[in-house]
Amino acid sequence: MEFEYQKALIDGAVQNVDLLVSLLPSIPDATAWDGLAKGNYATELLLLSNCLTLLRESLAAAATLMDAAVCPV
Amino acid sequence: MRRCALSDPVLTLSGGGTTTIATDVMLGDAYSIGLIGDLVVGVSTVIDLAASSSDERVTVTWNEQLFEASLLATDSKGRADFISARLTEAIAAYSAANASATGFIEVGSDALAWAMGSWLGTLPLFNQLATYAVPGYGLMLSLMPDVREQIRAHFASKAGELAPDDIALPQWFNELITNPLATYAVRMAVSSADNGLSGFGGDPAALLASLKEQGITGQAAVAAILSMWTSVAGVLKEGPVKVTQTAVEPVVPPRNNVELMEAFPVVGEPGQPQIRIDTMVVNGETRYQVIVGGTVDFNPIPGQDAFDTTSNVAAVAGLPAGSVRAVELAMADMGIDADSPVTFVGYSAGGIVAATLAASGDYNTRGVVTVGAPVGHIILPSGVPAAIIEHTDDPVPALGGLQENSEALIVQNQAFLNKPIPTEALPAHRIETYIETASAMDNEIALELRDFNDAFYAFSDGANAATSTYYYAEREG
């Protein structure tokens with residue numbers, strides 16, 4: 001597989017994760033939701049948000065490394 | 001029940017044939033998070049593809065970075081699936097709890113009403129009343145015309161036409177009833193009224209049993225008994241009605257909920273038309289929209305106007321109310337028959353008329369909307385766009401008892417949530433207040449409302465040469 005194509009895939013993945021982050025619901029009033037969600041919904045949502053943020057950072061770092069490989073400074 | 005938090009004011013939607021009761025926010029969140037779980041799988045696939053590269057420029061660091069990303073994608077997928085599943089469980093549990101709670105309250109209220117009536121019936125005074133009051137009252141009034149006339153004169157002297165704006169309520173009372181808890185209490189009391197009367201024993205119970213055999217129960221039965229008892233003295237006594245065409249004018253049919261509510265005939269003075277029938281041609285088909293206004297005369301003694309308290313009580317009882325018969329006459333005058341495509345729209349008492357005619361099965365009903373109307377006990381037809389719009393702090397819809405419609409879309413809004421209560425009587429019932437709710441409905445993005453709006457207004461979409469014909473309905477004799 002072409003390296004440039006793979007880089008384009010990773011760049012696309014970064015954008016996809018941006019989209020996923022934008023789909024995340026806002027964190028609701030935990031008092032109102034905890035009982036209904038049988039767990040701390042707000043905390044779970046926060047963990048998912050953090051996970052997606054780290055995923056994005058990780059992919060962006062990979063893309064940066066690829067940039068450096070394609071166009072070495 | 002669905003709460004649509006994306007608008008201001010906050011509308012609560014229920015019915016529409018749905019069995020799941022959950023907030024829109026919860027459903028929306030469950031969908032979004034489920035989507036995240038599905039889409040992150042695509043990200044994982046991309047990472048795996050990129051990590052499989054054999055290009056010499058691939059470095060160990062890069063591979064480590066992608067490996068970490070792969071783990072995070074898997075973790076994200078697991079978390080999204082977990083949250084989505086828990087939310088779905090919560091929605092199901094909430095639905096069950098809500099249904100149980102409603103059922104429990106309803107059964108409890110009925111039982112309490114029966115027990116109260118039963119207890120009163122054991123007291124000597126009330127026992128005598130139950131045994132002799134009904135036949136005694138009727139006999140007395142029929143044998144003593146003077147007494148009957150005195151009762152009639154008493155009510156008649158109170159007012160001629162008692163228009164909505166003539167009614168003044170103490171502000172403390174206005175604030176008391178402009179409250180969702182108070183209106184819910186009214187709803188429960190109305191729905192349990194027949195049980196209270198049944199527990200009372202004696203003739204009321206016998207009358208109720210007789211009505212029940214005819215399929216008349218709940219508040220309809222109590223209204224029927226009230227109508228029977230009082231009509232002997234000329235109070236709430238039904239009679240013949242007639243309609244007069246007052247105007248015909250070109251019109252653009254309502255295209256949204258605000259325009260629909262602005263289309264209600266302005267009533268208040270005798271002689272003003274209470275019925276508007278829009279005629280339009282759509283795709284070569286002649287269609288009709290019947291728009292019915294609210295109560296004009298609140299005097300329990302029937303006067304000139306057919307949209308009065310007498311009609312309201314009869315309509316709730318399922319009896320041939322003057323207002324209902326008047327609209328039927330107007331429709332016949334327009335040439336509307338059982339095959340003519342027609343939609344019914346009614347505000348307040350007009351809502352009872354609209355619901356009654358739509359539910360009658362006598363017309364080719366294509367849609368129905370009631371606004372601030374006591375129609376909980378009238379089952380609207382299924383398979384057509386139907387909406388019941390009511391304010392939770394408006395006691396008038398509560399007079400229809402507990403909501404028995406499950407197919408119709410029920411739109412609720414607390415009109416005076418965190419707002420000062422105005423001094424005019426029943427502020428949450430006023431059409432100006434409902435127009436504000438209509439505006440929120442037009443701007444709402446909830447799927448159920450968009451579907452309803454699309455389906456209901458498609459009826460008049462593309463209409464040309466539309467006219468409004470107005471009718472005044474009055475009592476004869």
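Predicted model: local features only at pLDDT ≥ 70, side-chain atom pairs only at ≥ 80, totals over all residues.
1. Start with chain A, where you'll find three helices and zero strands. Walk along its sequence and the pattern reads α-α-α.

2. Chain A has 73 residues, and 34% of them count as buried. Look also at the contacts in chain A with a separation of 6 or more: 69% of these come from residues 24 or more positions apart.

3. Next, see where the two chains meet: 31 residues of chain A and 35 residues of chain B take part in the contact. On the chain B side, α1 (24-51) and α2 (60-122) each bring at least two residues. The top contributor there is α2(B), with 19 residues. By type, the chain B side that touches chain A splits into 20 nonpolar, eight charged and seven polar residues.

4. Now for the largest nonpolar core, which runs to 65 residues. Among the residues with the most contacts inside this core are V290(B), V327(B), V353(B) and A387(B). Helix α12 of chain B (residues 349-360) provides the largest share of the core, seven residues.

5. Setting aside neighbours within four places in sequence, V353(B) is in contact with several residues, including V292(B), A315(B), S323(B), V327(B) and G346(B).

6. As background, nonpolar side chains tend to be buried together in soluble globular proteins.

Definitions and conventions
Residues numbered from 1 in each chain as written. Chains lettered and ligands numbered in written order. Helix = DSSP H or I, 4+ residues; strand = E, 2+ residues; numbered from the N terminus. Buried ≥ 20, exposed ≤ 12 C-beta atoms within 10 Å, placed from the backbone. Contact = placed C-beta atoms within 7 Å. Nonpolar A, V, L, I, M, F, W, Y, C, P; charged D, E, K, R; others polar. Core = buried A, V, L, I, M, F, W, Y, C linked by C-beta atoms within 7 Å.
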